[in-house]
Amino acid sequence: MPLLEIQDLQIDFDKTRAVDQVSLSIAEGETLCLVGESGCGKSVTALSIGRLLATPPARYTGGRVLLQDRDVLAMSPSELRSIRGGVVSYIFQEPGASLNPVTRIGAQMIESLRLHAPNRAHPGEVVRLLQRVGIPAPESRARDYPHQLSGGMQQRVMIAMALATEPKLLIADEPTTALDVTIQAQIIELLRDIQRQMGMAILMITHNLGLVADIAQRVAVMYAGQIIEEAPAQDLLSLPRHPYTQALIRSVPELGKNLDRLHALPGNVPSPGKWPPGCRFAPRCPIVRPACATLAPSLASIASSHVIRCPHSNATP
């Protein structure tokens, strides 16, 4: 039984569908990366797992989100409080915006512990957690305000807070976006080490394919509110089948290659509510066929553990 199973999830904002029939699953101890351009629905999908989207304006109009075989979308407020932090924890992409700027780090961590693990809500546990994520002089750092820490240290604090309750699933939404490359590597290595120690599952949301190669066991690619390809990470990165996935990988610059121009996809991701009637990638696709403008492709299996939303994936432009 998967730890998390999302089945045909649909989320609307007013009359606009932002997530359309998304299905995903994550096993215990597994790392799944959710990849795609900004605005494709990655973060909305992730927030739905803890039912953190404000309703209204969001509306869950279809599907189920099964966490440990319990439907999150059918839970009462008290049941939701028991899983938020206890079963699933989040790391958001801008730690400086997530931390309270007028409260010391230690006090913020104790507040989190008091809500989810009251028996461990004391300064000694704060120091232990800060040590665990590699923060030097944790006793001193616990007395600091967020602005006194670097971006990398702020993100380590967010990781410590997310791990304080030993969740089964960690959702990391662009956790290294604002960090330089060296700190990115440190954060990814830290997450990998802690995952090995705790055996937790990770859902990593990113547009950085370098991070995907480092940490993922499986990859799901989103485009315009839909999953358009999903496969084991090694298979998807070495032999992508959907034209959009192929374009994403070609757009990554390679060391040692001198190029006049980087590869870029023409056009933009269509806005929610303005999706093409057929294949949503058709206006940008190099192998588009006349039927693509009117026929919406379904997600189909092309190999073991490899699914794709394109009936022409073997065609050439």
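**Notebook: rings, cysteines and one arginine**

I began with the rings and found that the structure holds four aromatic pairs; rings of Phe, Tyr and Trp (its six-membered ring) pair if their centres lie within 6.5 Å, with planes under 30 degrees apart called stacked, over 60 edge-to-face and the rest tilted. I keep in mind that this is a predicted model, where local features need pLDDT of at least 70, side-chain atom pairs count only at pLDDT 80 or more, and totals for chains, interfaces and linings use all residues. I also noted that residues are numbered from 1 along each chain as its sequence is written, and that side-chain values use heavy atoms, with hydrogens and water left out.

**Entry 1: aromatic rings**

I reminded myself that a pair of aromatic rings is described by the distance of the centres and the angle of the planes. I looked up Y90 and F92: their ring centres are 5.5 Å apart and their planes stand at 5 degrees, so I wrote this pair down as stacked. Next I asked how open each residue is, where buried means under 20% relative accessible area, exposed over 50% and partly exposed in between (1.4 Å probe, protein chains only). Y90 is buried at 12%, and F92 is partly exposed at 30%.

Then I turned to Y223 and F281, whose ring centres are 5.2 Å apart with planes at 85 degrees, so this pair is edge-to-face. I liked that the pair links distant parts of the chain, 58 residues apart: Y223 sits in strand β9 (residues 218-223), and F281 in the loop between α11 (243-250) and β11 (300-303). Helices (H or I, at least four residues) and strands (E, at least two) are DSSP runs, numbered from the N terminus. Both Y223 and F281 are buried, and together with Y244 they form one aromatic cluster.

**Entry 2: cysteines**

How many disulfides are there? I counted zero, taking a disulfide as a pair of cysteine sulfur atoms within 2.5 Å. For C279, the closest cysteine sulfur belongs to C292 and is 5.8 Å away, which is too far for a bond. C279 is buried, at 14% relative accessible area. C310 is in no disulfide either, with the sulfur of C285 the nearest at 6.0 Å. C310 is buried too, at 13%.

**Entry 3: R156**

I found R156 in helix α7 (residues 151-163). R156 is buried yet has no salt bridge, meaning a side-chain nitrogen of Lys or Arg within 4 Å of a carboxyl oxygen of Asp or Glu. The nearest side chain of opposite charge is D193, 8.7 Å away; Lys and Arg count as positive, Asp and Glu as negative, and His and the chain ends are not counted. Which residues does R156 contact, leaving aside its neighbours within four places in sequence? I listed V133, G134, I135, Q186, I187 and L190, with contact meaning heavy atoms within 4.5 Å.
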